Amino acid sequence: KYFVNNDGLLYKLANKGPIKVKAVDDVSFKIEKEDTLAVVGESGCGKTTVARSVLRLIEPTAGEILYRGRSINNFDKQELKVFREDAQMILQDPRSSLNPRFIVEEIVSEPLYIHDQIKDDLNLLDRVWELLDLVGLSKRYSELFPHELSGGQARRVGIARALALQPEFIVCDEPTSGLDISIMSAVLNLMKKLQQEYQLTYLWISHNLHEVRYISNKVAVMYLGKIVEITDTDTIFNNSVHPYTEALFSSLRGINDDWNYKEREIIQGEVPSPINPPPGCSFHPRCKYSFDKCKKIEPELKAVEAGHLTACHLYN
Ligand code: SF4
C-alpha cells in the first residue's frame, strides 16, 4: 500500500491518488573534517534517507546539502564526478552489497574502472592487494567470490571497495549489522584505524548505541523524520535532555554499564505513522512530560548550551 519514490518521499496508494509524506523534514547538521557524526533512532525515523540524500542518491524536494561550502544539488557533471570520488558509502548488508558474479578483485577495482583511474592491469592488481591489505585481508581473497567469504570478510571487502578512490568522507549505513560481536569489534577498530590514518570523516548510521558510543564524537537523535537532539557523544550519553533521547538511551543501560545507572524506561506506544503525524511535537503521544503546548505547537531545534541543541518545549 505504500512505496518510497526516488525523491525519498513515502507515498500511500489511496483511492484519491498518492499522498505525499515527508520521510525527512527540516533536518540540519554540520559535519567537520575527521568527525564521526552518528545518526540514531528507531527504524523508519529517516536515518537512511538522510544518508542517501547527503550523497545525492536521493534528491531532496527542498533545502540544500553543502560540501566544502558548495551545494551538491547544483554540481555539474564534472563536479559530481569529483564528489562521487570524495564521498563513498558502505552499505548495510555486507553480502547483498557485493555482486555475486564478481570475484573480489573485480569488486574492489570496479570504482577505479568507473572513475577511469586504471593505469594498467598489473598496477590494478597491486592496488587491489594494497586495499585488501589495508582491511586485513591477504592477496588470496582477491580470487574469491562473495559466497566464499564470511560476513566479516565480506564487510572488509566492502570497506576496501569504499577506500579504492581515496575518499575523504564515508557514509557508513549500519556497517556492523548482522555481524557477530567479535567481528563487529574488529570492524569498528578497523574503521577507527583507517579514520586516523587517512583523516576520514564519517556519517555513521546505526541503532546500536554501544557502537555509537565507541565510534562517534557527535550524535544526532532522529524521531519521525526530524532531529530532536544533537550534541557531542559524551553529553548525549550522560546529559541528554530530550525525553525521547532519555528513554531511548535508558532502554540500553545495564546495571554493569559504567555510565550513571538509571532505571530502564520503556517508551509507551508505537511510532506514529508518517502519513498522519501528530500535531505539535510528534513525540507528544508517547511523552510522559507532554503538556498542552506540546499538542499544538511544534518545538524548534534550539541550543540548550553551546553545541547542544534539542527540540523540546521544556527547554525552549
Ligand atoms: Fe515531550 Fe513536549 Fe518536549 Fe515533545 S515538546 S518531547 S511532548 S515535553
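## Overall make-up

The protein contains ten helices and 13 strands, where helices (H or I, at least four residues) and strands (E, at least two) are DSSP runs numbered from the N terminus. This is a predicted model, in which local features need pLDDT of at least 70, side-chain atom pairs count only at pLDDT 80 or more, and totals for chains, interfaces and linings use all residues. Residues are numbered from 1 along each chain as its sequence is written.

Of the 316 residues, 35% are buried, a residue being buried if 20 or more other C-beta atoms, placed from the backbone, lie within 10 Å of its own.

## Helix H1

Helix H1 (residues 47–54) is mostly covered, with seven of its eight residues buried, namely Lys-47, Thr-48, Thr-49, Val-50, Ala-51, Ser-53 and Val-54. The cover over these buried residues includes strand S4 (36–40), S8, strand S9 (201–205) and strand S10 (218–223). Just after H1, Arg-56 adopts a positive phi of about 60°.

## Strands S7 and S8

S7 pairs in the parallel sense with strand S8 (residues 169–173) over four bridges, pairing being assigned if DSSP finds at least two bridges between two strands. Within S8, Ile-170 is the bridge partner of Gln-88.

## Around the ligand

Among the 13 residues around the ligand, Cys-281, His-284, Cys-287, Cys-294 and Cys-312 come nearest, a residue being near a molecule if its C-beta atom, placed from the backbone, lies within 6 Å of it.

Methods:
A residue is buried if 20 or more other C-beta atoms lie within 10 Å of its own, exposed if 12 or fewer, and partly exposed in between; C-beta atoms are placed from the backbone. Two residues are in contact if their C-beta atoms, placed from the backbone, lie within 7 Å.
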